[in-house]
Amino acid sequence: MSADRDDRILIFAPIGRDGPASAELFRGASLEAVNCRSLPELVAEMAAGVGAVFLAEEGLFGKDTAPLAHWIANQPPWSDLPFVVLTSHREQPAVVAWRRSIVELLRNVSLLERPVQPITLTSAIQSAMRARRRQYEIRALLEAREQTAQELEKLVVERTRELEEANEQLRLEMNERTRVEETLRQAQKIEAIGQLTGGVAHDFNNLLMVISGGLDMLERQTDPARRRRLMDGMIQAAQRGASLTKQLLAFSRRQKLRPEPVDVAAQIGGMRELLDRSLRGDVHVEFDFPDTLWPVEVDPGELELVILNLAVNARDAMPNGGTIVVRGENLPGFNHGQIAGDYVRLSVIDTGVGMSPEILARVFEPFFTTKDVGKGSGLGLAQVHGFATQSRGTVRIQSEVGRGTSIELYLPRSYELPSSERHLIDLTRVRPKKSNQGEILLVEDDDEVAALVSEMLGQLGYNVTRAASAAAALGALADGRSVDVVFSDIMMPGGMNGVELAREIRNRRSDIPVLLTSGYSEASAHEADAAGIQILAKPYHIDELAAALSAARSSLRLDAESRRSHSC
């Protein structure tokens with residue numbers, strides 16, 4: 001159906017002069033009229049567009065009206081095409097019945113009986129056209145509604161696609177942010193270690209000097225008292241070196257935060273040497289921790305890293321030297337913004353140059369720094385803020401130009417005891433036993449370490465068999481020799497580490513306890529914990545070794561007794 005033909009009047013009066021005369025009449029009234037000569041032509045023109053149809057009833061006598069009926073029945077919902085039908089005087093029953101069937105077929109019908117005045121015919125056609133135009137208005141509204149619905153559906157589809165793209169972009173950005181934050185944390189750790197490098201190298205050289213020089217002098221010294229002093233000095237140097245190594249390993253490890261109960265005073269107090277290596281000689285650190293200070297729930301290694309960075313920042317803010325105060329305070333019922341409860345305020349206070357409000361507004365931005373090129377990456381305070389937030393706390397900064405800065409960490413109180421208080425076994429009090437402790441299989445690839453550990457195990461009363469690899473250890477167990485305990489390093493050549501060796505021993509000889517050791521236990525700590533295998537961290541003293549071996553053997557006995565009791 002064409003819109004430019006919607007106002008046409010179609011005429012079907014094939015007999016006599018009714019068709020041409022009515023067409024001329026309608027055109028005189030400014031109506032477009034088309035005279036159709038056959039019923040198929042009428043139906044075809046109706047399909048092309050029509051406003052009203054004028055019929056002479058005799059034109060339908062004897063004709064196949066099925067196509068016309070089909071067209072009328074299949075009109076769209078808005079359409080009810082008006083028909084004006086010119087009838088005759090004949091009232092025979094057959095004609096009346098036929099006329100009634102035609103009215104039912106056409107549906108929307110106006111009947112005009114001959115003779116009809118031209119004005120009456122024109123008026124009837126104009127009335128039909130007005131009704132038809134109202135139908136066209138409904139059609140326009142339905143089409144507009146349909147178009148709006150389609151546009152809305154299209155908009156919904158487009159919006160859904162945009163939301164999916166936005167969600168995907170958000171996921172990508174979140175993943176990228178996580179990656180960048182991890183990179184920032186690692187870079188910040190590297191920066192912190194860079195601050196330590198010079199001092200640590202100097203300190204380790206001093207420690208090595210004490211040990212190597214002491215060993216050289218020990219061979220030449222016969223006085224027992226002087227030999228004892230030399231040995232004490234070397235022992236202290238080795239302990240200091242072990243402490244520094246643990247600090248560096250804690251700072252360099254790459255892992256998520258692992259909160260645990262931490263004694264703030266003990267944890268930060270143990271950083272004294274580390275801070276001394278990081279700060280200038282004219283910068284001093286004072287600790288102010290009350291005896292009643294609560295433990296906090298944080299990652300201990302990250303806490304040390306934060307304090308180190310804050311101390312380095314405070315040092316840089318005091319070019320002429322000064323004092324840094326690290327203070328702890330209990331805050332019961334603390335309520336600030338999004339955090340509330342019992343918190344510990346840990347403050348790092350300096351008397352340096354301070355910060356302006358403009359700088360304060362940006363200090364937590366990654367890579368923002370006021371230091372000269374090469375003096376800092378701007379990661380320190382961003383890492384401090386991230387640490388406080390991930391620890392369920394917050395951070396505040398109070399600063400005034402020329403009067404110094406106080407950076408305050410608010411960390412959640414822990415209601416559990418720190419690990420050092422939960423495990424009350426003092427390994428240094430366990431003394432070596434000289435009696436026969438049985439057969440021990442030592443698995444160690446380093447010859448010098450193996451020689452020293454064999455000597456220590458001999459002092460403890462063990463008969464030592466050494467294997468240089470995991471494969472050799474399994475071979476030693478396979479030949480049927482008696483072994484009471486296996487003591488193995490974790491990191492070894494040959495494709496099988498100590499944890500894997502321990503698992504294999506449990507599969508083959510579940511009656512043999514296994515103790516592992518490593519200079520960097522973090523590498524396999526999770527595997528060992530999951531397998532229930534103890535790890536003794538290097539370096540260790542002979543009494544620590546004795547206690548660890550005793551604990552490993554006792555643990556195996558307890559497990560065996562537990563299994564027997566359950567079987568009963």
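A residue counts as buried when its relative accessible area is under 20%, as exposed when that area is over 50%, and as partly exposed in between (1.4 Å probe, protein chains only). The model is predicted: local features need pLDDT of at least 70, side-chain atom pairs count only at pLDDT 80 or more, and totals for chains, interfaces and linings use all residues. Residues are numbered from 1 along each chain as its sequence is written, and side-chain values use heavy atoms, with hydrogens and water left out.

**Confidence**

- The protein chain has an average pLDDT (the predictor's confidence in each residue, from 0 to 100) of 81, and 82% of the residues score at least 70.
- Across residues 372-379 the pLDDT stays under 50, and the model has 16 contacts (heavy atoms within 4.5 Å) for them beyond four places in sequence.
- Residues 421-433 also have a pLDDT below 50, with 18 contacts in the model beyond near neighbours in sequence.

**Salt bridges**

- Side chains of opposite charge can pair when their charged atoms come close.
- The structure holds 20 salt bridges, each being a side-chain nitrogen of Lys or Arg within 4 Å of a carboxyl oxygen of Asp or Glu.
- Helices (H or I, at least four residues) and strands (E, at least two) are DSSP runs, numbered from the N terminus.
- Glu-57 is buried, with a relative accessible area of 2%.
- Asp-316 and Arg-315 form another salt bridge, with their closest N and O atoms 2.9 Å apart; Asp-316 is partly exposed at 31%, whereas Arg-315 is buried at 11%.
- Glu-329 meets Arg-345 in a salt bridge of 3.2 Å, N to O.
- Because Glu-329 lies in strand β9 (residues 322-336) and Arg-345 in strand β10 (residues 339-350), the pair ties together parts that are 16 residues apart in sequence.

**Helix α9**

- What encloses helix α9? Of its 17 residues, 15 are buried, so α9 is largely enclosed by the rest of the structure.
- Asp-299 caps the N-terminal end of α9, placing a side-chain oxygen 3.1 Å from the backbone nitrogen of Glu-302.

Technical notes: Polar contact = N/O pair within 3.5 Å; in protein donor to acceptor, adjacent residues only side chain to side chain.
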